[in-house]
Amino acid sequence: MASELNKLTIAEASAMLRKREISALELTRDCLERIAAAEPKLNAFITVSEKEATEQARQADARLASGGDEAPLLCGIPLGIKDIYATTGVRTTCASRILENFVPPFDATVIERLRSDGAVFIGKTNMDEFAMGSSTENSAFGPTLNPHDTGRVAGGSSGGSAAAVAAHECLGALGTDTGGSIREPASFCGVVGLKPTYSRVSRYGVIAYASSLDQVGPFAKSVRDAAIILRTLAGKDPRDSTCSARAVPDYERALTGDVKGLRIGVPKEFFVEGMEPEVEKSVRAALKTYESLGATTAEISLPHTGYAIAAYYLVATAEASANLARYDGIRFGLRVDAENNISLNEITRAQGFGAEVKRRIMLGTFALSAGYYDAYYLKGQKVRTLIRNDFERAFQKCDLIVTPVAPTTAFKLGEKMNDPLTMYLSDIFTISVNLAGLPGMSIPCGYDSKHLPIGMQLIGPPFSEETILRAGDAFERSGASKPRATAI
Amino acid sequence: MAEPKITLEQVRHVARLARLRLSPDEEERVRADMDEMLAYVDKLNELDTKTVAPTAQVGEAGTPMRDDEVTNQPAADAMLANAPSRERNYFKVPKIIE
């Protein structure tokens, strides 16, 4: 237990692996040891793939021994994978009873890319069932607890990935973000979480929730590490027709530390009633830091912000109701036998899905049903246009928008479970970014008086990941917010 | 008390469309939750959207074209490995036609 290589960043570990100062096997073993010690308290993983990870680490060591500096930066790096990604031969549950025993016969595109880089998949991380939730309490495998305070949630839906990285169970992780599912848990757990531009990363093999909003992205201990992972994830994929063919930059090269002249917009609609004063204070202090680094800040307006959650819950649930129609008990997943096919579908789905998933399928089916489509689904899509236009106008005056990630720090377990709408409102600052298809990143900017992490959100125009990463990295370098050790 | 936005009868109809067999308790709970959400989304009606075009997709314009070539290999066993019930190379289901 002496070495604790699991506490390294990806950039650090990668450099040491290349110099053969450490081996991928040692690194992986330290992560597995940490997992064994921390999991009883955190529940960040649904499946730990010790055997497969050990084998991948051995292969990475062989590659590093022969290739050395030629090996990709992620070669030998242990990563946590949200249990929403299809992984060949390793069960993929989406935290649902309906997929409890599903073992995919194929890899998601991003898994294939990480695999070919030589990354080590340490396990499949916990999440809200089908990525529907903001706290990872909607998991059929029990909630993930926050490593900074185990009486509190890790955020969601990618709570397992956020907690695993924060607790050094792995060096980085994959999440998905449909309405804030990377950024909110990153904020609650005090790590970096990046949701790239819609279409920047392939979703092939990622279990679909709301296809016009879903996006793949990394969790990391530093902005640099997020840049390293994104470079491998991003880029054209013939198997996802929505995926952009734009060239993928070397994101690490954008990390110059220089934000002089960067115009930061601060939307007045995001600093409203209901925000914890400590969160506002911390984000305002971060804006001062940016000013001291040579950036300028100015108030801007995103007038339709208050309508984003309503629009989202029509659009996302409608898409979910269609995407989840495939879980019918016929071809894969749970089957509960019945006297005829329709009863089989109905009973299988009734037993296989949890309460939140049923709630969203019902709302979405209703919003699409005859007589209600125009009033609900179409209305939601039109308001989505207004929200997009708000951002387009704003980015004529600024290069980057900075906001809090969430109105509060991590809330208590069970606090919002009996009131769906209150839970939905915790995504108030992240959801509009998905509706507009923009990149957004959560980085730690401070702690509240309860020692809980506070996250700041950096939002840019489409395909401005380099600007976002550069600004995030510059803030990290300033030393204005120092990461603290977790309680667990 | 405002008019309910959705009745139990409508909930049962939607559940049927969604192939979800809800228990009587669930039906009432789902009705109340949907009612709350539908009342909440009513705020969208504050906005005049008569001349606003809907956004269905935010990605880059255009659908990429490719040659119509088979690139995968038949893998019936792999595809059927997750089947809850199979017979030879078929998914087995209860009788559909009476």
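Helices here are DSSP runs of H or I with at least four residues, strands are DSSP runs of E with at least two, and both are numbered from the N terminus. The views below come from a predicted model, where local features need pLDDT of at least 70, side-chain atom pairs count only at pLDDT 80 or more, and totals for chains, interfaces and linings use all residues. Residues are numbered from 1 along each chain as its sequence is written, chains are lettered from A and ligands numbered from 1 in the order in which they are written, and side-chain values use heavy atoms, with hydrogens and water left out.

**View 1. A:T348 sits in helix α10 (residues 341-352) of chain A.** A:T348 has a relative accessible area of 0%, so it counts as buried (under 20% is buried, over 50% exposed, and anything in between partly exposed, using a 1.4 Å probe and protein chains only). Leaving aside residues up to four places away in sequence, A:T348 touches A:I98, A:G329, A:L334, A:R335 and A:V336; contact here means heavy atoms within 4.5 Å. With A:V336 there is also a polar approach: a polar atom of the A:T348 side chain lies 2.9 Å from the backbone nitrogen of A:V336.

**View 2. Strand β7 (residues 192-195) of chain A has buried residues pointing both ways.** A:V192 and A:L194 go one way, A:G193 and A:K195 the other. In a regular strand, side chains alternate between the two faces of the sheet. β7(A) pairs in the antiparallel sense with strand β8 (residues 215-220) of chain A over 2 bridges, and with strand β12 (residues 440-447) of chain A, again antiparallel, over 3 bridges. (Pairing takes at least two DSSP bridges between the strands.) Look for A:G193 here: its bridge partner in β8(A) is A:F219, and in β12(A) its partner is A:S442.

**View 3. Chain B meets chain A through 52 residues of chain B and 69 of chain A.** Together the two chains bury about 5,300 Å², 63% of it on carbon and sulfur atoms; that is the accessible area (1.4 Å probe) lost on putting the two parts together, summed over both. Between the chains there are 19 residue pairs in polar contact, both residues at pLDDT 80 or more. A polar contact is a pair of N or O atoms within 3.5 Å; within protein, one must be able to donate a hydrogen and the other to accept it, and residues adjacent in sequence count only if both atoms are side-chain atoms. On chain B, the elements giving two or more residues to the side that touches chain A are α1 (8-17), α2 (24-41) and α3 (76-80), and α2(B) gives the most, with 10 residues.

**View 4. Salt bridges cross between chain B and chain A, 4 of them by count.** A salt bridge is a side-chain nitrogen of Lys or Arg within 4 Å of a carboxyl oxygen of Asp or Glu. A:E346 and B:R21 make one, at 2.9 Å from N to O, running from helix α10 of chain A to the loop between α1 and α2 of chain B. A:E346 is buried at 4% relative accessible area, whereas B:R21, at 37%, is partly exposed. B:D33 bridges to A:R359, with the closest N and O atoms 2.8 Å apart.

**View 5. Within chain A, A:E100 and A:R97 form a salt bridge.** Their closest N and O atoms are 2.9 Å apart. A:E100 is partly exposed at 26%, and A:R97 is partly exposed at 35%.
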